[in-house]
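Work through the exercises below with the structure open. Try each task before reading its solution.

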Amino acid sequence: MHIPDAFIPLPQAAVYWIIALIFIALSLRWARKELSDEKIPLVAILAAGIFAIQAVNIPIPWGTSGHMMGAALAAIVLGSPFAAVFILTLVLIVQGVLFGDGGLTVMGANIINMGVIGGFFGYYSYRGFYPIFKSPYAPAFIAGWLSLFIAALACAVEMAMAGTFPLGLGLFSMGLYHAVIGIIEGGITAFAIYLIATARPDIMADSTGVPT
Amino acid sequence: MIEDLFFLEKQTYKKSPVHSLDARVKIIIAFAAIIAIVAVPYSTVIYTVGAVFFLFFALLWAASGLSPLVYFKRLVVILPFGIFLIVFQIFFKNPYYENFTTIATLPFGIEIYAESVQFATILLVKFLVSVSFIILLSSTTRTQDMLEGAGRLGLPAEFTLTLGMMLRYLYVFGYMIRKMTQSLETRCFNPFDRALPYRYRLEKVAYAVGTLFIRSYEQGERTYMAMLCRGYGRESHLYIAKKPLERKDWVFLTAGMALVIVTPVLAWTRFPVIL
């Protein structure tokens with residue numbers, strides 16, 4: 001889902017960068033306020049962890065492999081969508097500059113898709129569905145699925161606006177592919193939340209895994 | 001991608017005129033080249049610009065003394081999504097052209113258009129050039145130098161500190177992943193083994209992911225405590241010493257920037273082959 005350079009013309013890419021920068025500034029403010037200021041190094045190391053998580057090969061039912069995004073996981077555990085924005089921004093900078101995975105000019109768009117959309121949809125769908133299911137696992141699954149699916153749709157819309165991929169087919173192919181991958185993202189998010197809530201309940205934003 | 005990290009680090013520790021250039025110069029040239037190639041509108045002018053830029057890249061790569069295999073090995077990892085998008089272009093009518101000529105008709109009424117093939121080629125040139133410059137930058141510059149270079153170029157202190165910490169721990173987690181994979185392998189667990197139920201495999205992989213999360217969080221806690229003990233606080237930042245650019249850096253920067261700016265401008269004004 002990492003859009004490469006040249007697939008979004010420069011003026012549009014600049015607009016995405018500006019929007020992304022606003023969210024990055026907001027997430028920095030979140031880090032200063034909510035993490036009692038100096039805890040930023042902790043989040044930086046966690047970002048390295050999310051990078052490693054994204055590198056884990058995940059089996060997809062028909063034999064190929066995929067990768068996780070981890071935005072919903074980070075947002076749920078740390079209890080804020082801005083955690084995902086902050087972490088995914090760091091991850092995308094490293095992926096873009098060191099590995100060429102996702103372009104530089106379009107990094108703004110990638111941060112919006114994976115960090116902002118992934119984080120906000122992941123976190124708020126988890127919060128929204130929690131009262132319905134009364135357990136953290138089904139909402140975590142939905143959060144993981146939605147964070148990936150909506151981010152993929154946003155990616156298709158951006159490419160359609162850039163004129164580099166037709167809207168209908170983009171929405172269909174990106175949507176279908178990520179709807180399937182999303183099941184795995186959701187499943188892993190739910191299992192991982194279970195593990196974290198059992199092994200280290202204190203690091204969940206709320207100790208019981210229940211959103212406050 | 002974690003294994004690529006170690007591979008990449010080996011390349012950056014080699015010695016060559018390109019490796020020894022100041023990181024700032026390399027960052028500026030690579031970013032400028034990418035912005036320039038993206039800024040050229042979608043038109044056939046890109047062939048000339050792309051050829052000149054690629055030649056520039058190839059010269060630098062040759063000067064860096066790295067094997068072309070290193071380049072191709074890294075390129076193969078990056079290409080898939082971009083190539084997928086480019087290959088499918090040939091079947092679409094895109095908004096950058098008005099008339100489309102069919103050059104081939106496939107079953108199910110799928111048509112290939114000459115203009116779309118041209119558009120796909122344009123995208124391919126832009127994509128390859130921008131990816132090549134990133135590969136050059138990251139294969140010849142150590143991550144620490146790149147970070148300090150970015151700091152000297154004005155990247156805010158919040159980012160140099162956090163990115164610096166992140167980069168250092170990437171290697172730690174790289175080894176951690178390697179160990180976890182190896183211990184799963186010694187127990188004959190293969191996540192792609194179809195003989196095992198899918199849910200079981202997913203669960204095990206998910207536990208590995210959850211463990212990585214917890215271990216990185218705990219590493220963060222330990223490091224944070226250790227930093228506090230050493231006087232870390234609100235005003236802490238990565239110390240970056242001032243370092244003036246040497247003469248060879250200035251020469252390369254001026255020549256490189258001139259090439260990156262002049263080529264597209266000349267190509268655009270001298271042959272206005274607008275679609």
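**Exercise 1. A strand and its partner**

How many of the 5 residues of strand β1 (residues 102–106) of chain B are buried? Then describe how this strand pairs.

Solution. Keep in mind that the model is predicted.
- Step 1. A residue needs 20 or more other C-beta atoms within 10 Å of its own to count as buried. In β1(B) the count of buried residues is 0, and the strand is hardly covered.
- Step 2. Find the partner. β1(B) pairs with strand β2 (residues 110–113) of chain B in the antiparallel sense, over 4 bridges.
- Step 3. Thr102(B) stands opposite Tyr113(B). Ala104(B) stands opposite Ile112(B).
- Step 4. Look at the turn. β1(B) and β2(B) make a hairpin with 3 residues between them. Phe108(B), in that turn, has a positive phi of about 65 degrees.

**Exercise 2. Overall form of chain A**

Describe the fold of chain A, and test its radius of gyration against that of a compact globule.

Solution. 
- Step 1. Take the secondary structure. Chain A has 7 helices and 2 strands. Their order along the sequence is α-α-β-β-α-α-α-α-α.
- Step 2. Apply the globule rule. A compact globule of 212 residues would have a radius of gyration near 17 Å; chain A has 16 Å, so the two agree.
- Step 3. The C-alpha trace spans about 45 × 40 × 30 Å along its principal axes.
- Step 4. Consider burial and contacts. In chain A, 62% of the 212 residues count as buried. Of the contacts between residues at least 6 apart in sequence, 70% join residues at least 24 apart.

**Exercise 3. A covered helix**

Solution. 
- Step 1. Name some of them. Leu73(A), Ile76(A), Val77(A) and Leu78(A) are among the buried residues.
- Step 2. List the neighbours. Within chain A these are α2, α4, α5 (107–133), α6 (137–162) and α7. From chain B, α9 (198–229) joins them.
- Step 3. Look past the end. Gly79(A) follows α3(A) and has a positive phi, near 75 degrees.

**Exercise 4. The side of chain A that touches chain B**

Which element of chain A gives the most residues to the side that touches chain B?

Solution. 
- Step 1. Chain A puts in 55 residues and chain B 62 residues.
- Step 2. List the elements of chain A that give two or more residues. They are α1 (10–34), α2 (40–55), β1 (58–59), α4 (81–99) and α7 (167–199).
- Step 3. Pick the main contributor. α2(A) gives the most, with 13 residues.

**Exercise 5. A helix length check**

Solution. 

**Exercise 6. Confidence**

Where in chain A is the pLDDT below 50?

Solution. 
- Step 1. Chain A averages a pLDDT of 86, and 92% of the residues score at least 70.
- Step 2. Residues 207–212 of chain A fall below 50. Beyond near neighbours in sequence, this stretch has 11 contacts in the model.
- Step 3. Where pLDDT is low, predicted coordinates should not be read in detail.

Conventions:
Residues are numbered from 1 along each chain as its sequence is written. Chains are lettered from A and ligands numbered from 1 in the order in which they are written. This is a predicted model: local features need pLDDT of at least 70, side-chain atom pairs count only at pLDDT 80 or more; totals for chains, interfaces and linings use all residues. The radius of gyration is taken over C-alpha atoms; the globule rule is 2.2 Å times the number of residues to the power 0.38. A residue is buried if 20 or more other C-beta atoms lie within 10 Å of its own, exposed if 12 or fewer, and partly exposed in between; C-beta atoms are placed from the backbone. Two residues are in contact if their C-beta atoms, placed from the backbone, lie within 7 Å. pLDDT is the predictor's confidence in each residue, from 0 to 100. Two strands pair if DSSP finds at least two bridges between them.
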